[in-house]
Amino acid sequence: MQLSAVVSSPLSRALDTARAVAERHRISPQVEPAFREICFGVLEGRHRDGSDPVAEAGWARWRDSLGQQPGTGGETFESLMLRVAAALPLWIAQAEVGPLLIVAHRNVNRAILANLLGWSPAAAFQQRISHRKLLTISLGARRSFSSERFFSR
């Protein structure tokens, strides 16, 4: 299948993947600033693996608040949804030309799905979106999505 466009978050881990895929399709990736990952405030770059108990407690509060991030100084999930919603019409129009690949991040993917499928912020936040998965979104009369393994690592 030939992609009509590849669009990416400006963050390097997404952009590297977008470049690799776009090259195989002989197109240039496009960068969408609105698709950068949610800002986690004081939790940015901090781990949830038990090595940082203060951060682990902050992550638990963030998760339990459904992304409202009390006390972190970061962006809320609802504000991420609004940011993503503002950019989506351009890319939906592109998808009418042919298949489009968006390379983004877990929370951005949740926000994209919420905006396209009509989910509430709480419902979207609770969706299990795994790393290394390819989400396929059908924009037909009955909108839906499916998920499949993208990388084998």
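Strand 1, residues 5-8, and strand 3 run parallel and are joined by four bridges. Before I go on, this is a predicted model. Within that pairing, V6 stands opposite L101 of strand 3.

Next, the aromatic rings. How many aromatic pairs does the structure hold? There are five. Take W59 and W62: their ring centres are 5.7 Å apart and their planes are at 85°, so this pair is edge-to-face. The cut-off for that label is an angle over 60 degrees. Both W59 and W62 lie in helix 2, residues 53-64, three residues apart, which is about one turn of the helix. W59 and W62 are both buried.

F77 and F125 also form an edge-to-face pair, at 5.5 Å centre to centre with 75° between the planes. F77 is in helix 3 and F125 is in helix 5, residues 121-125, so this pair ties together parts that are 48 residues apart in sequence. Are these two buried or exposed? F77 counts as buried because its relative accessibility is 0%, and F125 counts as buried at 7%.

The charged end of R48 sits over the ring of W59, 3.9 Å from the ring centre. R110 lies over the face of F125, at 5.6 Å from the centre of that ring.

Last, L80. It is placed in helix 3, residues 77-95. L80 has a relative accessible area of 0%, so it is buried; the cut-off is under 20%. What does L80 touch, leaving aside neighbours within four places in sequence? Its contacts are R36, I38, E75, N107, V108 and A111. V97 is 17 residues from L80 in sequence, and the C-alpha atoms of the two are 27 Å apart in space.

Technical notes. Residues are numbered from 1 along each chain as its sequence is written. This is a predicted model: local features need pLDDT of at least 70, side-chain atom pairs count only at pLDDT 80 or more; totals for chains, interfaces and linings use all residues. Side-chain values use heavy atoms; hydrogens and water are left out. Helices (H or I, at least four residues) and strands (E, at least two) are DSSP runs, numbered from the N terminus. Buried means under 20% relative accessible area, exposed over 50%, partly exposed in between (1.4 Å probe, protein chains only). Contact means heavy atoms within 4.5 Å. Rings of Phe, Tyr and Trp (its six-membered ring) pair if their centres lie within 6.5 Å; planes under 30 degrees apart count as stacked, over 60 as edge-to-face and the rest as tilted. A charge sits over a ring if NZ of Lys or CZ of Arg is within 6 Å of the ring centre and within 35 degrees of the ring normal. Two strands pair if DSSP finds at least two bridges between them.
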